[in-house]
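Have the sequence and the 3D view open side by side as you read.

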Amino acid sequence: MLCLWQRKWGVAHKCCQLQSLGRLATQNGLNVQFFTDQSGMNASGHVMLGTMDVHHQWTKLFERLPSYRSMFQQSDWLKERISHLLGGIQVIHIERMGPALPLEEHYSTLNTFHKRLLPQRLSLHPRSMQGLTMSLENDRSTPCLHEMGHFIIPTMCDTLQLQNFLQSQAQEARRRMQRRDKLEAEEEDIISSCLQDLSLHSLCKEPSVSSSQMIPCCRRLMEERSPQMQGLHLCISHFYSVMQDGDLCIPWDWKG
């Protein structure tokens, strides 16, 4: 059984939640649990256990898992259909800071977008967008191309505008994806160097911290090295914080 944590909680908080889960684990064959602020299933298919819920609410969630799994399968089917209609582009979900996206909301977004595409006859070649990715957003009015190479598409986007945008930006998207791959490789190397040069016990980052933010952060840490950093558990985030178990969080654009 694998447990994930949405937030950088301390050891005491984690132990309390794990003890509660342990009393239920023998009755439910779950592979992944995701401790967060609400119970349900998220867009990635992880079971979310609300830390403020009582045990019987978790039990009710376990009883509803077959319906959640069915909805998750339907979501995957919708992604495949959207990909087929849009030249092979892959529909992805980007994890962001804040509450996890519930599966119900994710499914509704996919279903709405799919229904808008069906009546249209888009002239995209079946494999013209293969290797590219896109995410859907309900609160956006115009499509855009992210700096890391994935398309961000409004759920209610005009289909003709969408087709023109994808075709005109496909080459630029591939260029940005190549740049992203280089950045991720550079990030991996500089994290390894930072760990060794500063004698850190561990070095990680929040998912919302990009490679282009992490790389200069690590460079500055090595340039302005301090012996007090030796043995630290360091997490690069967007804020300053010291966790209950001693982990130190600093923003990627930290001030000396």
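A residue is called buried here when its relative accessible area is under 20%, and exposed when that value is over 50%. Keep in mind as we go that this is a predicted model.

With that cut-off in hand, look at strand 6, which covers residues 133-137. On one side you will find Thr133, Ser135 and Glu137, on the other Met134 and Leu136, and all of them are buried, so both faces of the strand are covered. In a regular strand, side chains alternate between the two faces of the sheet. Because five of its five residues are buried, strand 6 is largely enclosed by the rest of the structure.

Now see what strand 6 pairs with. Strand 5, residues 90-91, pairs with strand 6 in the parallel sense over two bridges, and here Gln90 stands opposite Thr133. Strand 8 pairs with strand 6 too, again in the parallel sense, this time over four bridges.

Next, pick out Met134. Which residues does Met134 touch, beyond those up to four places away in sequence? They are Leu86, Ile89, Gln90, Val91, Ile92, Phe113, Phe151 and Ile153. Met134 also belongs to the largest nonpolar core, a set of 23 residues, where Leu86, Phe113, Met134 and Phe151 have the most contacts. Two or more residues of this core come from each of helix 3 (65-85), helix 4 (103-117), strand 6, strand 8 (151-154) and helix 5. Helix 5 gives the largest share, six residues. Apart from this core lies another one, of 20 residues, including Leu183, Ile191, Leu234 and Ile236.

Let's finish on helix 5, which runs over residues 159-198 and holds Arg174. Is Arg174 buried, exposed or partly exposed? Its relative accessibility is 32%, which means that Arg174 counts as partly exposed. Setting aside neighbours within four places in sequence, Arg174 is in contact with Ser128, Met129, Gln130, Gly131 and Leu132. Arg174 and Leu132 are 42 residues apart in sequence, yet their C-alpha atoms are 7.1 Å apart in space.

Definitions and conventions. Residues are numbered from 1 along each chain as its sequence is written. This is a predicted model: local features need pLDDT of at least 70, side-chain atom pairs count only at pLDDT 80 or more; totals for chains, interfaces and linings use all residues. Side-chain values use heavy atoms; hydrogens and water are left out. Buried means under 20% relative accessible area, exposed over 50%, partly exposed in between (1.4 Å probe, protein chains only). Contact means heavy atoms within 4.5 Å. A nonpolar core is a set of buried Ala, Val, Leu, Ile, Met, Phe, Trp, Tyr and Cys residues joined through side-chain atoms within 4.5 Å. Two strands pair if DSSP finds at least two bridges between them.
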